[in-house]
Amino acid sequence: MAGLDPSDRVVICPIIRGEVLFGIARLPAGKRRIRLEEASRRRLAVLPCEPIPEGAADHYAALKLVRQQRGLTLDENDLWVAATALALGATLVSRDRDFEGIDGLKVVALDEPDALI
């Protein structure tokens, strides 16, 4: 996040918000969970949660078909996340390497598991 240009707009989609909250909620009680809950609450409070645009459905259908034809799988949520980024013309920031093989999708890979939180 420190490397962003001041003109860059950073948003989150409902799917990612849900995955972040679910991932934290399923952690065992303890210091790590508390730290992540607090950090995610702060981060999610300042990141606008954008709705999934209608055009994402077109990208989703095309992306899923191409992946199936190539014998590649991708989690349904990941398909929607990629389709949303494509519809918005956005750069997807993720530590999930599965996004790297999607044609037309700009991806910035993170190495740290908790880098966005």
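Visitor: Does the span of helix 3 (residues 56-69) agree or disagree with 1.5 Å a residue, and how far apart are its end C-alpha atoms?
Guide: This is a predicted model. Helix 3 has 14 residues, and at 1.5 Å a residue they should span 20 Å. The expected span is 1.5 Å times one less than the number of residues. The model agrees, because the end C-alpha atoms of helix 3 are apart by 20 Å.

Visitor: Which residues of helix 3 are buried?
Guide: Buried means under 20% relative accessible area. In helix 3, that label goes to Ala56, Tyr60, Leu63 and Arg67.

Visitor: Why do the buried residues of helix 3 line one face, and within what arc do they fall?
Guide: Look down the axis of helix 3. The buried residues line one face of the helix because they fall within an arc of 75 degrees.

Visitor: What do the buried residues of helix 3 pack against?
Guide: The buried set includes Tyr60 and Leu63. The packing partner of the buried residues of helix 3 is helix 4 (76-88).

Visitor: Which exposed residues does the face of helix 3 turned away from its buried side carry?
Guide: Exposed means over 50% relative accessible area. On the face of helix 3 turned away from the buried side, the exposed residues are Asp58, Gln68 and Gln69.

Visitor: Which glycine takes a positive phi just after helix 3?
Guide: Helix 3 covers residues 56-69. Just after helix 3, a positive phi of about 75 degrees is taken by glycine 71.

Visitor: Is leucine 36 buried or exposed?
Guide: Leucine 36 lies in helix 2 (residues 31-46). The cut-off for burial is under 20% relative accessible area. Leucine 36 has 4% relative accessibility, so leucine 36 counts as buried.

Visitor: How far apart in space are leucine 36 and valine 10?
Guide: In sequence, leucine 36 and valine 10 are 26 residues apart. In space, C-alpha to C-alpha, the distance is 20 Å.

Visitor: What pattern does the protein follow along the sequence?
Guide: The protein has four helices and two strands. Read along the sequence, the pattern is α-α-α-α-β-β.

Visitor: What share of the contacts in the protein with a separation of 6 or more is between residues 24 or more positions apart?
Guide: The count takes contacts with a separation of 6 or more. Of these, residues 24 or more positions apart account for 48%.

Visitor: How far apart are the mean positions of the positive and negative charges?
Guide: The protein has 16 positive and 18 negative charges. Their mean positions are apart by 7 Å.

Notes. Residues numbered from 1 in each chain as written. Predicted model: local features only at pLDDT ≥ 70, side-chain atom pairs only at ≥ 80, totals over all residues. Heavy atoms only, no water. Contact = heavy atoms within 4.5 Å. Lys, Arg positive; Asp, Glu negative; His and termini not counted. Charge placed at Lys NZ, Arg CZ, Asp CG, Glu CD. Buried < 20%, exposed > 50% of the residue type's maximum accessible area, 1.4 Å probe, protein only. Arc of directions from axis to C-beta.
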